[in-house]
Amino acid sequence: QSAQNGLQQLADAASKVGFGGFAGGIAALAGGAALTNLVTGTIAWAAAMDDLAETTGASVENLAGLAKIAKVSGVELAEVEHGLIRLSKALAGADDEAKGAGRALEALGLDPEKLRAMDTADALKVVADELAKYKDGAGKTALALDLLGKSGAKLLPYLKDLAEAQSIAGSLTTEQAAAAEQLEKAWKRLSSEGGGVAKALV
């Protein structure tokens, strides 16, 4: 009975944040492990995109696309996050390293003002497109390091794949990511406040 009540609480939370289909699916899940995997897998990933949007200045839609390319490239999403944050700082002229970034942008023929006005992920795509015109070597690596910090060199294979992508927009929406974050919080509350319920579900 307590497990059923816990499922209902989560379903109610899903309905409130707009995951009506997911809410209905909760009741249909026969195995608690399946529900746990869903929450800790798909929903946790979507919630992470919501958090990442806040730290990088990129949209959830674009971040979902960048994450997909990272998976194909075999690059950790954390490296992409570091690169995005470093690029944001470089474009804002927030520290001395931004001077090197300014020279790199000039070498690539890019206008920092235009890049600043863009979604950070779109700006990274533009940088990747221009870097793709350079031959692999020390010069290209130096430009990546100036623009993306320590992650620059590691991200070169990823940037090549990003340049080849026609579009970076993913299928996850901002609303879905925000809803996923609320669902994840509801699951954590269920796990912490009702230990017996959480155990019964798994």
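Student: Which residues is Leu-66 in contact with, leaving aside its neighbours within four places in sequence?

Tutor: Contact means heavy atoms within 4.5 Å. By that criterion, and with those neighbours left out, Leu-66 touches Val-80, Leu-84, Ala-121, Leu-124, Tyr-158, Leu-162 and Ile-168. This is a predicted model, where local features need pLDDT of at least 70, side-chain atom pairs count only at pLDDT 80 or more, and totals for chains, interfaces and linings use all residues. Residues are numbered from 1 along each chain as its sequence is written, and side-chain values use heavy atoms, with hydrogens and water left out.

Student: What is the largest nonpolar core, and which residues have the most contacts inside it?

Tutor: A nonpolar core is a set of buried Ala, Val, Leu, Ile, Met, Phe, Trp, Tyr and Cys residues joined through side-chain atoms within 4.5 Å. Buried means under 20% relative accessible area, with a 1.4 Å probe and protein chains only. Here the largest such core has 39 residues, and Leu-66, Leu-124, Tyr-158, Leu-159 and Leu-162 have the most contacts inside it. Elements giving two or more residues to this core include H4, H5 and H8.

Student: How many residues of H4 are buried?

Tutor: Helices are DSSP runs of H or I, at least four residues long, numbered from the N terminus. Ten of the 14 residues of H4 are buried, so this helix is largely enclosed by the rest of the structure. Among them are Val-60, Asn-62, Leu-66 and Ser-73. H4 covers residues 60–73 and reaches 20 Å from its first C-alpha to its last, close to the 20 Å expected at 1.5 Å a residue; the expected span is 1.5 Å times one less than the number of residues. After H4 comes Gly-74, with a positive phi near 75 degrees.

Student: At what angle do H5 and H8 pack?

Tutor: Two packed helices are described by the angle between their axes and the distance between the axes. Axes are lines fitted to C-alpha atoms, for helices over the stretch in contact, and angles run from 0 to 180 degrees between N-to-C directions. H5 (residues 77–92) and H8 (residues 120–131) pack at about 90 degrees, with axes 10 Å apart. That makes H5 roughly perpendicular to H8, a label for angles of 65 to 115 degrees. H5 contributes Leu-84, Leu-87, Ser-88 and Leu-91 to the contact, and H8 contributes Thr-120, Ala-121, Ala-123, Leu-124 and Val-127.

Student: Is H8 mostly covered or mostly uncovered?

Tutor: H8 is mostly covered, with nine of its twelve residues buried. Lys-125 and Glu-130 are among the buried residues of H8.

Note on methods: Buried means under 20% relative accessible area, exposed over 50%, partly exposed in between (1.4 Å probe, protein chains only). Angles under 35 degrees count as roughly parallel, over 145 as roughly antiparallel, 65 to 115 as roughly perpendicular and the rest as oblique.
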